[in-house]
Amino acid sequence: AGAPPNAEGLTACDWTADLSGVELRLEVLDDRGAAGADAVVLNVAANAAPVVEILLPTGEDNYYAASLVEFDGLATDEEDPAEGLLSSWTSSLDGPLGIDSALDSDGHSRGAVALSEGQHFVEFRVADGVGRVSVATVILDVGPPRQEPSVVILEPVAGEVFTRGDAIAFEAVVADAQEPPDGLVLTWWSNLDGVLSTAPAD
């Protein structure tokens with residue numbers, strides 16, 4: 001309903017237009033029943049919802065509790081600039097992720113968050129200036145906190161004596177809770193000669 005006119009004769013009301021070519025008409029009656037009217041025809045353009053996409057995380061990498069996960073969402077809108085959009089990141093396990101709701105000038109929402117262990121249903125939600133909302137989602141399986149690899153040198157034995165020019169065999173056992181041995185990067189190193197070998201584990 002419209003507000004009664006003020007002392008200057010101004011009145012206003014709010015209305016959500018969803019049809020093009022609609023006529024908006026204002027009629028006025030005085031206390032004697034005399035009428036006045038004015039009308040305008042509105043051309044209403046459709047307001048499209050934002051287009052959103054999650055670039056990172058992909059859900060295809062390995063994720064570990066207490067380790068930062070990079071987030072990057074992209075949003076575009078036909079009517080509003082990127083600065084006029086508001087975004088939010090939420091997890092089904094951890095709730096709001098605390099990433100800045102404002103997008104940069106290129107439409108990106110970026111941040112890094114450490115997630116708890118478990119399966120996360122993550123939503124990237126973006127709203128435009130008139131409240132239209134679009135959502136992109138990704139599922140992340142977050143494993144237990146990452147542990148450091150273990151390594152034990154078997155040969156040479158500490159304190160063993162060699163003659164200059166001797167061929168010295170190197171042997172060690174390596175293990176990692178998250179990666180197989182052939183997925184580890186190994187470097188044998190000497191404080192005098194630098195890198196001796198980068199051969200992978202067998």
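1. Let's start with the negative surface patch, which Glu-155, Glu-160, Glu-171 and Asp-202 form together. Patches here consist of residues with over 30% relative accessible area and no salt bridge, with like charges joined within 9 Å and nonpolar side chains (Val, Leu, Ile, Met, Phe, Trp, Tyr) within 5 Å. Asp and Glu count as negative and Lys and Arg as positive, while His and the chain ends are not counted. Each charge is placed at NZ of Lys, CZ of Arg, CG of Asp or CD of Glu. Asp-202 sits in the segment after β14 (194–197) and is exposed, at 94% relative accessible area. Buried means under 20%, exposed over 50%, and partly exposed in between (1.4 Å probe, protein chains only).

2. A word on what you are looking at: this is a predicted model, in which local features need pLDDT of at least 70 and side-chain atom pairs count only at pLDDT 80 or more, while totals for chains, interfaces and linings use all residues. Residues are numbered from 1 along each chain as its sequence is written, and side-chain values use heavy atoms, leaving out hydrogens and water.

3. There is also a nonpolar surface patch of about 330 Å², made by Phe-162, Ile-168, Phe-170 and Leu-196. Areas come from the Shrake-Rupley method with a 1.4 Å probe; for residues, only the protein chains shown count as cover. Phe-162 belongs to the loop between β11 (150–155) and β12 (171–175) and is partly exposed, with 33% relative accessibility. Strands are DSSP runs of E of at least two residues, and helices are runs of H or I of at least four, numbered from the N terminus.

4. Leu-56 deserves a look in the viewer. This residue is in strand β3 and is partly exposed, with a relative accessible area of 28%. Leu-56 and Phe-71 are 15 residues apart in sequence, yet their C-alpha atoms are 4.9 Å apart. A cis peptide bond joins Leu-56 to Pro-57, with omega about -5°, and Pro-57 lies in the loop between β3 and β4 (63–64).

5. Two further backbone features are worth checking. The Glu-155 to Pro-156 peptide bond is cis, with omega near -5°, and Pro-156 is in the loop between β11 and β12. Ala-66, a residue other than glycine, has a positive phi near 70°; Ala-66 is in the loop between β4 and β5 and is exposed at 64% relative accessibility.

6. Finally, the count comes to 5 salt bridges, each a side-chain nitrogen of Lys or Arg within 4 Å of a carboxyl oxygen of Asp or Glu. Asp-72 and Arg-110 meet in one of them (3.6 Å, N to O), linking strand β5 to strand β8 (residues 108–114) across 38 residues. Asp-72 is buried at 9% relative accessible area, whereas Arg-110 is partly exposed at 48%. Asp-104 also meets Arg-110 in a salt bridge (2.9 Å, N to O), and shared partners join Asp-72, Asp-104 and Arg-110 into one network.
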